[in-house]
Amino acid sequence: MNTETQSSMRTPMSRVRRLGTAKSGTGDFWRQRLTAVAMVLLIVPMIAIVMMLLGRNQAGAAQILGSPLIAIVTLLFVIASCWHMKIGVQVVIEDYVHTENLKLALIMANTFFSIAVALAAIYAIFKLSSGV
Amino acid sequence: MPARIDRPLSPHLQTYRMTLTMALSVVHRATGLALYAGTLLLVWWLIAAASGPAAYAQLQAFAGSWIGRLILFGYTWALVFHLLSGIRYLIWDLTYGFEAREREWLTRAALIGSIVLTILLWVLVFAMGGGR
């Protein structure tokens with residue numbers, strides 16, 4: 001029990017009443033499953049795309065990766081996987097890192113990494129699609 | 001930070017006999033972390049294809065090398081295991097498969113299935129000429 005509670009005449013219940021919740025407590029839980037199911041659906045076409053590229057040179061690979069349907073499937077997979085991995089690693093950090101500042105720094109670094117990976121992949125796919 | 005209060009503790013992890021479900025729970029998290037690093041391979045591949053023949057040749061040289069192939073094989077297994085194990089968690093999320101027999105069956109299926117599928121995928125890779 002901290003000192004603030006002891007010196008106040010207000011009960012703990014009165015202090016929290018009407019504040020309510022942010023209604024977003026299950027947001028990451030839901031999105032982790034949403035992106036998981038997305039990848040279950042996308043993994044077979046993704047494997048097919050990788051198989052199509054085996055043994056081809058850059059020109060052949062670029063042509064395949066830049067075709068609309070394949071670019072869209074790859075984009076969807078990249079977005080789902082980067083979102084999924086951002087949430088997953090954040091959970092791991094929150095589970096094992098208990099020093100507040102270090103935890104915040106790692107969560108930031110994780111978010112930066114995930115966004116950078118996603119953006120780099122999206123940029124590459126757009127470049128392949130535009131054919132420049 | 002408030003003063004630490006000695007609260008009753010739940011029995012620690014080492015108290016329990018290690019079971020397959022426990023072990024694979026750890027492996028699920030470990031493969032998730034491995035795939036996090038592995039996304040760099042996916043991005044490298046896309047950027048190399050978008051950059052030009054020299055960059056793509058560099059990627060292909062790595063992918064064809066001894067260590068590259070080992071990493072890609074490990075990446076494939078981590079991906080397939082995390083996928084199958086993840087489907088198992090989705091089934092449990094829907095509150096199915098909690099009976100002892102179903103639970104153990106799902107867990108074994110994820111482990112054995114991941115090994116079999118990984119080998120099958122690599123047989124397919126070599127059959128399609130990707131192993132040259």
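User: What is the length of the polar contact that joins the side chains of Gln90(A) and Lys86(A)?

Analyst: A polar contact is a pair of N or O atoms within 3.5 Å; within protein, one must be able to donate a hydrogen and the other to accept it, and residues adjacent in sequence count only if both atoms are side-chain atoms. The side chains of Gln90(A) and Lys86(A) are joined by such a contact, and its length is 2.9 Å.

User: How are the residues numbered, and what kind of model is this?

Analyst: Residues are numbered from 1 along each chain as its sequence is written, while chains are lettered from A and ligands numbered from 1 in the order in which they are written. Local features need pLDDT of at least 70, side-chain atom pairs count only at pLDDT 80 or more, and totals for chains, interfaces and linings use all residues; side-chain values use heavy atoms, with hydrogens and water left out, and the model is predicted.

User: Is Gln90(A) buried or exposed?

Analyst: Gln90(A) is found in helix 5 (residues 68-96) of chain A; helices (H or I, at least four residues) and strands (E, at least two) are DSSP runs, numbered from the N terminus. Buried means under 20% relative accessible area, exposed over 50%, and partly exposed in between (1.4 Å probe, protein chains only). The relative accessible area of Gln90(A) is 12%, so Gln90(A) is buried.

User: Which residues does Gln90(A) touch, not counting residues up to four places away in sequence?

Analyst: Contact means heavy atoms within 4.5 Å. With residues up to four places away in sequence not counted, Gln90(A) touches Ile107(A) and Asn110(A).

User: How far apart in space are Val50(A) and Phe113(A), C-alpha to C-alpha?

Analyst: Val50(A) has its place in helix 3 (residues 27-53) of chain A. At 37% relative accessibility, Val50(A) counts as partly exposed. Val50(A) and Phe113(A) are 63 residues apart in sequence, and their C-alpha atoms are separated in space by 24 Å.

User: What is the radius of gyration of chain A?

Analyst: Chain A has 6 helices and 0 strands. The radius of gyration is taken over C-alpha atoms, and the globule rule is 2.2 Å times the number of residues to the power 0.38. A compact globule of 132 residues would have a value near 14 Å, but chain A has 22 Å.

User: What percentage of the residues in chain A is buried?

Analyst: The C-alpha atoms of chain A fill a box of roughly 75 × 25 × 25 Å along the principal axes. Of the contacts in chain A with a separation of 6 or more, 69% are between residues 24 or more positions apart. Among the 132 residues in chain A, the buried share is 36%.

User: How far apart are the centres of the positive and negative side chains of chain A?

Analyst: Lys and Arg count as positive and Asp and Glu as negative; His and the chain ends are not counted. The place of a charge is taken as NZ of Lys, CZ of Arg, CG of Asp or CD of Glu. Chain A has 11 positive and 5 negative side chains, and the centres of the two sets are separated by 10 Å.

User: Why is chain B more spread out than a compact globule?

Analyst: Chain B has 4 helices and 0 strands. The globule rule gives 14 Å for 132 residues, and chain B is well over that, so it is more spread out than a compact globule; its radius of gyration is 20 Å.

User: What is the relative accessibility of Gly68(B)?

Analyst: Gly68(B) is found in helix 3 (residues 66-93) of chain B. Gly68(B) touches Phe62(B) and Ala63(B), not counting residues up to four places away in sequence. Gly68(B) counts as buried, because its relative accessibility is 0%.

User: Is Thr95(B) buried or exposed?

Analyst: Thr95(B) is in the loop between helix 3 and helix 4 (100-127) of chain B. Phi of Thr95(B) is near 65°, a positive value in a residue other than glycine. The relative accessibility of Thr95(B) is 60%, so Thr95(B) counts as exposed.
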